[in-house]
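The following exercises concern the structure displayed below. Each task is followed by a solution in steps.

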Number of protein chains: 2
Amino acid sequence: MHFLVTAGPTREYLDDVRYLSNASSGRMGYAVAAAARSRGHRVTLVSGPVELVVPPGVRVLRVTGAREMRRATLREFRRCDVLVMTAAVSDYRPAARLRGKIKKGRPAWSLRLVRTPDILTACAARKRGRICVGFALESRGLRRYALEKLRKKNLDMIVADSPTAIGRPAAAVLCLDRTGRDLWRLHASKAAIARRLVRTLEARAAAAGPAPRG
Amino acid sequence: MHFLVTAGPTREYLDDVRYLSNASSGRMGYAVAAAARSRGHRVTLVSGPVELVVPPGVRVLRVTGAREMRRATLREFRRCDVLVMTAAVSDYRPAARLRGKIKKGRPAWSLRLVRTPDILTACAARKRGRICVGFALESRGLRRYALEKLRKKNLDMIVADSPTAIGRPAAAVLCLDRTGRDLWRLHASKAAIARRLVRTLEARAAAAGPAPRG
């Protein structure tokens with residue numbers, strides 16, 4: 001199979017040096033890329049700015065902002081069989097990016113933020129048999145939130161996680177299938193969670209047969 | 001001598017996952033810490049979140065936000081002879097930090113930002129013979145801006161740099177003394193710039209004699 005994995009945060013610049021971002025380390029995505037590669041799959045990794053080593057044999061596309069990640073992911077999506085969207089894409093970006101460096105002076109000001117396009121929704125809308133996996137990160141009501149995201153975005157699987165896992169090597173996650181049924185729960189290293197996810201996807205692809213493309 | 005070096009960006013969180021930051025890699029500060037240590041000086045490094053290896057023999061204090069960096073730097077400042085402030089401290093932070101994760105939903109909103117306290121000014125105001133070195137990063141009118149910062153903050157030396165050096169291993173810098181006179185210009189690796197700066201500071205300390213403390 002051909003895995004397309006997105007990983008890391010995005011950075012949304014307000015001037016040449018300052019940006020809005022989030023604490024994603026990219027570890028889960030890189031672990032999924034490594035796990036899929038070690039099972040012999042083709043892997044394309046769309047990575048936001050992180051300081052991780054790309055697993056051998058994985059093709060990487062480095063991006064910075066949400067709009068750049070969207071372009072790269074939509075372009076690669078056509079060629080993949082499975083999309084695993086672990087990236088923590090900024091939901092908002094500054095409405096304008098200034099050239100140079102904003103002068104400090106004002107004691108307070110308001111930064112106008114606008115929504116970024118939803119990458120996973122855009123991919124899932126044109127999936128035609130491809131498998132789309134999302135990640136849900138939520139501090140409260142995790143299962144309910146994950147279910148809502150699964151349905152709203154028309155996903156085939158979702159892995160729900162709490163913010164305590166950010167930047168850590170381990171996590172406690174819950175994996176739901178497209179009907180909202182619990183597939184498994186796992187409290188383990190991100191590498192072990194990634195291996196479990198890849199095997200689940202292999203089984204699902206085998207059961208579904210070859211995916212129509214286009 | 002005892003060097004206190006600050007390095008890296010700070011992160012100013014708006015909720016449990018999102019933050020405002022800047023593109024500083026911390027390389028210049030880590031290079032100054034390494035150069036001072038290799039010349040036999042005592043070195044304390046106050047470091048924002050970066051992915052660099054701490055040079056052997058350097059004591060490191062890890063911080064996240066501007067206010068935390070300020071507390072650590074002011075506390076350590078009393079025990080140092082030289083402060084080299086390379087950190088790219090966020091000038092602004094969100095007026096409030098929410099618990100959990102802000103819900104996306106609104107197509108646009110405004111994030112209220114307030115000034116963070118100026119660490120270098122606070123240190124220089126109580127320097128009593130200690131040497132305070134600043135860094136100025138500016139896209140236009142670099143020399144004029146550096147001079148203004150030198151005077152306003154009552155610094156002993158300033159190194160002026162352009163944003164093109166961010167995250168890069170090399171830079172083209174200009175070093176000014178407290179009177180605004182050019183000490184040297186150097187287009188070189190950050191390691192070479194750091195060594196030059198440390199030697200300049202050694203010479204200055206030798207010329208000035210032992211610093212009064214308190």
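**Exercise 1. How many residues of chain B are in contact with chain A?**

Solution. The model is predicted: local features need pLDDT of at least 70, side-chain atom pairs count only at pLDDT 80 or more, and totals for chains, interfaces and linings use all residues. Residues are numbered from 1 along each chain as its sequence is written, chains are lettered from A and ligands numbered from 1 in the order in which they are written, and side-chain values use heavy atoms, with hydrogens and water left out.

Step 1. Contact means heavy atoms within 4.5 Å. By this rule, 36 residues of chain B touch 36 residues of chain A.

Step 2. Buried area is the accessible area (1.4 Å probe) that two parts lose on being put together, summed over both. Chains B and A bury about 3,500 Å² between them, and 49% of this is on carbon and sulfur atoms. In chain B, the residues that lose the most area to chain A are B:Tyr92, B:Lys104 and B:Trp109, together 18% of what that side buries.

**Exercise 2. Describe the polar links and the make-up of the interface.**

Solution. Step 1. A salt bridge is a side-chain nitrogen of Lys or Arg within 4 Å of a carboxyl oxygen of Asp or Glu. Two salt bridges are counted between chain B and chain A. B:Asp91 and A:Arg18 meet in a salt bridge through their side chains, at 2.2 Å from N to O.

Step 2. A polar contact is a pair of N or O atoms within 3.5 Å; within protein, one must be able to donate a hydrogen and the other to accept it, and residues adjacent in sequence count only if both atoms are side-chain atoms. Across the interface of chain B and chain A, 15 residue pairs are in polar contact, both residues being at pLDDT 80 or more.

Step 3. Helices (H or I, at least four residues) and strands (E, at least two) are DSSP runs, numbered from the N terminus. On the side of chain B that touches chain A, strand 3 (18-22) and strand 8 (108-115) of chain B each supply at least two residues. The largest share, eight residues, comes from strand 8 of chain B.

**Exercise 3. Which way do strand 8 of chain A and strand 8 of chain B run, and how are the copies related?**

Solution. Step 1. Two strands pair if DSSP finds at least two bridges between them. Here seven bridges join strand 8 (residues 108-115) of chain A to strand 8 of chain B, and the two run antiparallel. In this pairing, A:Leu111 stands opposite B:Leu111.

Step 2. Copies are superposed by least squares on the C-alpha atoms of residues with pLDDT of at least 70 in both. Chain B is superposed on chain A by a rotation of 180° with 0.0 Å of shift along its axis (RMSD 0.0 Å). The two copies are thus related as by a two-fold rotation axis.

Step 3. Of the interface residues of chain B, 100% are also interface residues in chain A, so the copies meet through the same surface.

**Exercise 4. Where does B:Arg97 lie, and what does it contact?**

Solution. Step 1. B:Arg97 is placed in the loop between strand 7 (92-94) and strand 8 of chain B.

Step 2. Neighbours within four places in sequence aside, B:Arg97 is in contact with B:Tyr13, B:Leu14, B:Asp15 and B:Asp16. The C-alpha atoms of B:Arg97 and B:Arg18 are separated by 9.7 Å, with the two residues 79 apart along the chain.
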